[in-house]
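Hi,

Here is the structure I promised to pass on.

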Amino acid sequence: MNRVKPGETGRTPWIVGVSGASGTPYAAAVLRALLAAGESVDLVVSRASRLTLLDETGIAFRDAHWQDDLREWLARGADGKPDAFAADLADVRYWSAGDLAAGPSSGSYPAKGMLIVPASTACVAGVALGLSKDLLQRAASVSLKERRKLVVAVREAPLNGQTLRHLVALDDAGATVVPTSPAFYQGATHIQDLVDFVAGRVMDAAGVEHDLYRRWKGELGGGSGPT
């Protein structure tokens, strides 16, 4: 794990939390887009998400080897193809989900906001209720209390009443809820296109520029043309 260096200034990252819901390709696409936009990233990977990542990609995410594992993860396409992408990890800091003394656990730690991608219903409940049972939930609570951006990309279907009430509570608290629902007007021809659309909407909610998907221009049939 990277600890804050004494006297370090000028770095204001986006905190990216990855919970245990299915959808690790969404997280990878968001991370790549943030880094491509020149943003600093603080990464928190929950314990449950490690199981999902292992199941969806075959990658075992380890604290002691997080850079190697993250590099392999971000290089993988949504179709499972390795070495499909490249990402510079020079401005990524990783914090263990169990480290409640980590930088993002405090409101005095500088951050632009937090993106939870994907967000499980358990994660949504924990943040809505202010449980702070791990660093991911605590960092989200800090984002809310400090009035920073919090984007929650919920991944579940169907949604029951309890989860819907938790999502309304998050919206009332100032968070932006982004369902992981891809659109098709962009002319998707590959699973990566659908993943990138959702990642792009997360980036839109954060206010970070990207070129992940074709935007709607009010012209019918635009999705059938060349991209």
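Strand β4 is covered on both faces: G113, L115, V117 and A119 are buried on one side, and M114, I116 and P118 are buried on the other. (Buried is under 20% relative accessible area, exposed over 50%, and partly exposed in between, with a 1.4 Å probe and protein chains only; strands are DSSP runs of E, at least two residues, and helices are H or I runs of at least four, numbered from the N terminus.) In a regular strand, side chains alternate between the two faces of the sheet. Seven of the seven residues of β4 (113-119) are buried, so the strand is largely enclosed by the rest of the structure.

This is a predicted model, where local features need pLDDT of at least 70 and side-chain atom pairs pLDDT 80 or more, while totals for chains, interfaces and linings use all residues. Numbering starts from 1 along each chain as its sequence is written, and side-chain values use heavy atoms, without hydrogens or water.

Now the neighbours of β4. Strand β1 (14-18) runs parallel to β4, joined by four bridges, with W14 partnering G113. Strand β5 (149-154) is also parallel to β4, through five bridges, and L115 partners V151 there. (DSSP has to find at least two bridges for two strands to pair.)

S40 sits in the loop between α1 (24-36) and β2 (41-45). S40 is buried, at 10% relative accessibility, and its side chain makes a polar contact with the side chain of D91 at 2.3 Å. (That means N or O atoms within 3.5 Å, one able to donate a hydrogen and the other to accept it within protein; residues adjacent in sequence count only if both atoms are side-chain atoms.)
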